[in-house]
Amino acid sequence: MRLAVIGSGPAGYYSAYRIMKKMPDAHVDMYESLPIPYGLVRFGVAPDHPEVKVGSLPPATRVSRTDRS
């Protein structure tokens, strides 16, 4: 399955992370209009999900570095 996530802010990364965790055969394409990812997290707005916060970006980084994205 191939999916597209629009936006690379906390919600986009969290969605991609959860999709890839629950669906091992899924491929996720992320689209962002800005030149830098992470949305409002870059400005200190904390997301609802602690595993996506800037201080602990490993899940988001893994999503970005996998061959499934």
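## Residue A4 and its strand

A4 is located in strand β1. The model described here is a predicted one. Although A4 and V28 are 24 residues apart along the chain, their C-alpha atoms are separated by 5.6 Å. When neighbours within four places in sequence are left aside, the contacts of A4 are with D29 and Y31.

Both of these partners belong to the part of the chain that pairs with β1. Strand β2 comprises residues 27-31, and D29 has its place within that strand. Y31 is also the residue of β2 that stands opposite I6.

## Overall arrangement

The protein has 69 residues, of which 30% are buried. It contains two helices and two strands. Read from the N terminus, the order of these elements is β-α-β-α.

Of the contacts between residues at least 6 apart in sequence, 67% join residues at least 24 apart. The pairs described in the following sections include A26 with R2, which are 24 residues apart, and M1 with V28, which are 27 residues apart.

## The paired strands

Strand β1 consists of residues 2-6, and strand β2 of residues 27-31. The two strands run parallel and are joined by five bridges. Within this pairing, L3 stands opposite V28 in β2, while I6 stands opposite Y31.

## Helix α1

Helix α1 has 13 residues. The distance from its first C-alpha to its last is 18 Å, close to the 18 Å expected at 1.5 Å a residue.

Which residues of α1 are buried? They are G12, Y13, A16, Y17 and M20. These residues lie on the same side of α1, because they cover an arc of only 130 degrees around the axis. The other side of the helix carries the exposed residues A11, K21 and K22.

## The salt bridge between R2 and D29

Side chains of opposite charge can pair when their charged atoms come close. A search of the whole structure finds one salt bridge. It is formed by R2 and D29, whose closest N and O atoms are 2.8 Å apart. Because R2 lies in strand β1 and D29 in strand β2, the pair ties together parts that are 27 residues apart in sequence.

Are the two partners buried or exposed? R2 counts as exposed, since its relative accessibility is 59%. D29, by contrast, counts as buried at 19% relative accessibility, given that the cut-off for a buried residue is under 20%. Beyond its neighbours within four places in sequence, D29 is in contact with R2, L3, A4 and V5.

## The loops on either side of α1

The loop between β1 and α1 includes S8. With a relative accessibility of 4%, S8 counts as buried. Not counting residues up to four places away in sequence, S8 touches Y13, M30, Y31, E32, I36, P37, Y38 and G39. One of these, Y13, is among the buried residues of α1, and another, Y31, is in contact with A4.

The loop between α1 and β2 includes A26. This residue counts as buried, at 0% relative accessibility. A26 and R2 are 5.7 Å apart from C-alpha to C-alpha.

## The N-terminal segment

M1 is found in the segment before β1. Its relative accessible area is 54%, and M1 is therefore exposed, the cut-off for an exposed residue being over 50%.

Where does M1 make contacts, once its neighbours within four places in sequence are left aside? The residues in contact with M1 are M23, D25, A26 and H27. Among them, A26 is the buried residue described above. The C-alpha atoms of M1 and V28 are separated by 8.6 Å. V28 is also the residue of β2 opposite L3.

Conventions:
Residues are numbered from 1 along each chain as its sequence is written. This is a predicted model: local features need pLDDT of at least 70, side-chain atom pairs count only at pLDDT 80 or more; totals for chains, interfaces and linings use all residues. Side-chain values use heavy atoms; hydrogens and water are left out. Two strands pair if DSSP finds at least two bridges between them. Helices (H or I, at least four residues) and strands (E, at least two) are DSSP runs, numbered from the N terminus. The expected span of a helix is 1.5 Å times one less than its number of residues. Buried means under 20% relative accessible area, exposed over 50%, partly exposed in between (1.4 Å probe, protein chains only). The arc is that of the directions from the helix axis to the C-beta atoms. Contact means heavy atoms within 4.5 Å. A salt bridge is a side-chain nitrogen of Lys or Arg within 4 Å of a carboxyl oxygen of Asp or Glu.
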